[in-house]
Amino acid sequence: MEALLQKIRDCKACSEHLPLGPRPIVAANPKARILIIGHAPGTKVHQTGIPWDDQSGKQLRKWMGVTDEEFYDETQIAQIPMGFCYPGKGKSGDLPPRTECAPLWHQSLLEKMPNLKLTLLIGQHSQRYYLGNERQKNLTETVKNYKAYLPQYFVLPHPSPRNRFWLGKNPWFGEEVLSELQHIIAYHLTD
């Protein structure tokens with residue numbers, strides 16, 4: 001695993017497309033039981049090198065019902081983005097994750113994590129990649145039907161502060177989905 005992680009951290013496959021240059025962000029361990037697959041690091045995460053070290057990460061930890069210590073314990077929770085490096089700014093936020101990363105690295109990482117019990121698919125990019133035609137017509141419908149993807153996957157919207165409007169428009173998410181998520185996360189962290 002360490003050799004693979006070093007290869008990923010040294011990756012420069014799409015460096016000419018990265019405005020801040022390559023800085024692949026990944027956290028994985030063969031013992032991990034929970035995997036988080038999100039979009040791509042933002043500028044703050046690019047600077048610190050720590051996955052989810054921003055407002056989205058604070059919200060995600062709250063949604064999961066975990067402490068910072070639990071969240072960053074790689075033997076419990078692995079973190080693999082769809083795009084390992086900051087992709088740059090677009091008109092309404094960061095650009096989508098680079099498409100080179102997942103086909104290049106995900107399968108090799110997954111093969112080295114035999115103890116995974118649950119994968120959180122955060123946002124449309126990871127859901128499109130991993131669920132394919134099993135997704136619903138949009139992210140809202142996919143998240144509403146989260147039970148259809150259990151026990152392997154738990155689908156979530158992105159926890160970005162930009163999604164406040166979506167959260168306000170979909171109160172069922174906070175009322176039903178998050179309690180189920182926290183229950184499942186607690187189960188896998190203690191079993």
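D53 forms a salt bridge with K44, and their closest N and O atoms are 3.8 Å apart. A salt bridge here is a side-chain nitrogen of Lys or Arg within 4 Å of a carboxyl oxygen of Asp or Glu. The structure is a predicted model, in which local features need pLDDT of at least 70 and side-chain atom pairs count only at pLDDT 80 or more, while totals for chains, interfaces and linings use all residues. Residues are numbered from 1 along each chain as its sequence is written, and side-chain values use heavy atoms, with hydrogens and water left out.

**Salt bridges**

- The structure holds five salt bridges, including the one between D53 and K44.
- K44 is partly exposed, at 41% relative accessibility; buried means under 20% relative accessible area, exposed means over 50%, and partly exposed lies in between (1.4 Å probe, protein chains only).
- R61 and D68 also form a salt bridge, with an N to O distance of 2.8 Å.
- Within that pair, R61 is buried at 8% relative accessible area, whereas D68 is partly exposed at 42%.
- A further salt bridge joins the side chains of R98 and E100, again at 2.8 Å from N to O.
- R98 is partly exposed, with 23% relative accessibility, and E100 is partly exposed as well, with a relative accessible area of 25%.

**Cysteines and disulfides**

- A disulfide is a covalent bond between the sulfur atoms of two cysteines.
- The search applied to this model counts a pair of cysteine sulfur atoms within 2.5 Å as a disulfide, and it finds zero disulfides in the whole structure.
- The closest cysteine sulfur to that of C101 is, in turn, the one in C14.
- C14 is buried, with a relative accessible area of 6%, and C101 is buried too, at 8% relative accessibility.

**The largest pocket**

- The largest pocket contains about 990 Å³ of space.
- Its lining consists of 37 residues, and the closest to the pocket centre are H39, S56, D94, H158 and S160.
- Elements that contribute two or more residues to this lining are α2 (43–48), α3 (55–64), β4 (93–94) and α6 (123–131).
- These elements are DSSP runs numbered from the N terminus, with helices (H or I) of at least four residues and strands (E) of at least two.
- By residue type, the lining of the largest pocket divides into 17 nonpolar, 15 polar and five charged residues.
- In this classification, Ala, Val, Leu, Ile, Met, Phe, Trp, Tyr, Cys and Pro count as nonpolar, Asp, Glu, Lys and Arg as charged, and the others, Gly among them, as polar.
- A pocket is found on a 1 Å grid over the protein atoms alone, as an open set of points with protein on both sides within 12 Å along at least five of seven lines; a cavity is a set of points where a 1.4 Å probe fits but cannot get out, and lining residues have an atom within 4 Å of a point.
- Grid points are joined across faces, edges and corners, and a volume is the space filled by probe spheres set on the points.

**The second largest pocket**

- The second largest pocket has a volume of about 150 Å³.
- Its lining is formed by M82, P97, R98, T99, A102, P103, H125, R128 and Y129.
- Both α5 (101–111) and α6 give two or more residues to this lining, and α6 gives the most, with three residues.
- The lining of the second largest pocket comprises five nonpolar, two polar and two charged residues.

**The cavity**

- The whole structure has one cavity of 30 Å³ or more, and the largest cavity holds about 70 Å³ of space.
- Of the 13 residues that line the largest cavity, C11, A13, C14, P24 and C85 are the closest to its centre.
- The cavity lining divides into eleven nonpolar residues, one polar residue and one charged residue.

- An unreviewed UniProt entry lists residues 25–182 as "domain: Uracil-DNA glycosylase-like"; UniProt positions are given in the numbering used here, feature names are shortened, and annotations may be inferred rather than shown by experiment.
- The end C-alpha atoms of residues 25–182 lie 25 Å apart, and the span is 41% helix and 13% strand.
- H106 is placed in helix α5 and is buried, at 2% relative accessibility.
- H106 and E70 are 36 residues apart in sequence and 23 Å apart in space, C-alpha to C-alpha.
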